[in-house]
Amino acid sequence: MTRTEYPWLLPSAMAGAELPGDRARARRTVRDWVVDITAFLIAAGIALIALAAIETEGSTPDAVLVVDSVIGAAACCALWVRRRWPVGLAAALTILSIVEPVAGGALMVALFSLAVHRPFKPVAIVGAGALIVAPLQPWLRPDPETGFVASAVIGVLLILLVLSWGMVVRSRRQLVLTLRERARRAEAEAELRAEQAQRLAREAIAREMHDVLAHRLTLLSVHAGALEFRPDAPTAEIARAAGVIRDSAHEALQDLREIIGVLRGPGDTGEGERPQPTLATLDGLIEQSRAAGMKVTVDQRVGAPADAPAATGRTVYRIAQECLTNARKHAPGTEVTVNVTGGPGDGLTIEVANPAPTEPFERVPGSGQGLIGLTERATLAGGRLEHGPTADGGFVVRARLPWPAA
């Protein structure tokens, strides 16, 4: 039986994440309901026994007996808030028990709950007050069958017993929660150590592959240098050297891909095995957004999108993709405008704008890292990116990227 399988068998302070004594309210578990009902019945039973003893004694007026009954019932019912206000309830019942013997059972339950759910200082203060006033109740309303000294000693012993019991229960719960937290922390540290070991192993393999790659590149450089310094070599020798260069370049490329794959690790979802997006695939992205229900207006004035540099086209695609995603999250229902202009020698400019949303919508929380990543991507591509709100409350992203002349 584990905590996750049967949380309803544990106290709410142990079924949840909070420690005993936390002020945050927790929902009662099935066990809490059973304990609360049992505590209420025990307090009510003690109150009925005390009330029967007072009635049997016969010297108490009927009016006082009725008041005792009402106050005893109220004290027992007040136990239902002992989890929320244990200190105040225990202090109030301590004062009430001075003149009301029927509140003695409720006082014992309240003191026990106080010791379980609160730290030592408030327990010591309220407990000391209860010990001080314990002899007052038998002095003000003595029991004919029990002497004053015996009643006072019994009251003091009962208070010490319930307070000690409650503090033992609290200490045990804190011990269990401490051990649980240590186990959780140990599992997290074990996972971290495993990840670090995997990363170190990948780095070691990558270093070995780097040596192999360096060997192939050196071989390629040697053969290329031989062709450079011997342009009058026989045709067969030149062909053989060119074949070696081609094979070495191919093998070096494969080694480089393997190094990247090793460094990426099994958990990463890189795009090395998938075709990379280009400026020519931007229309497909727009159509996907329209199929998802977005209103997108495109003004693309690029003569030959397929001729755009791969890095520049990929950056334009990623900027448009991120901007459409942000518009879908933060301005749903609005019409997004995508403008792409430029050409060889003039560079590429992309501008994505959307007006302020006009209808209420449920906001989607974001990390705020998307625009930072776009700015870094544009900078790495040799361009620049600007973004910010517009005068009408909308948002615009504008980037200018290089496109060298042919």
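What follows is a short chat about the aromatic contacts in this structure.

User: What should I keep in mind about the model and its numbering?
Analyst: It's a predicted model, where local features need pLDDT of at least 70, side-chain atom pairs count only at pLDDT 80 or more, and totals for chains, interfaces and linings use all residues. Residues are numbered from 1 along each chain as its sequence is written, and side-chain values use heavy atoms, leaving out hydrogens and water.

User: Why is the pair of phenylalanine 112 and tryptophan 165 called tilted?
Analyst: Rings of Phe, Tyr and Trp (its six-membered ring) pair if their centres lie within 6.5 Å; planes under 30 degrees apart are stacked, over 60 edge-to-face, the rest tilted. Here the centres are 4.7 Å apart and the planes at 50°, so the pair is tilted.

User: What makes tryptophan 165 exposed, and phenylalanine 112 partly exposed?
Analyst: Buried means under 20% relative accessible area, exposed over 50%, and partly exposed in between (1.4 Å probe, protein chains only). Tryptophan 165 has 54%, so it's exposed; phenylalanine 112 has 23%, so it's partly exposed.

User: How do you know that phenylalanine 40 and tryptophan 80 form an aromatic pair?
Analyst: Their rings sit 6.0 Å centre to centre with 40° between the planes, which makes the pair tilted. Phenylalanine 40 is in helix α2 and tryptophan 80 in the loop between α3 and α4, so the pair ties together parts 40 residues apart in sequence. Helices here are DSSP runs (H or I, at least four residues), numbered from the N terminus.

Definitions and conventions: Helix = DSSP H or I, 4+ residues; strand = E, 2+ residues; numbered from the N terminus.
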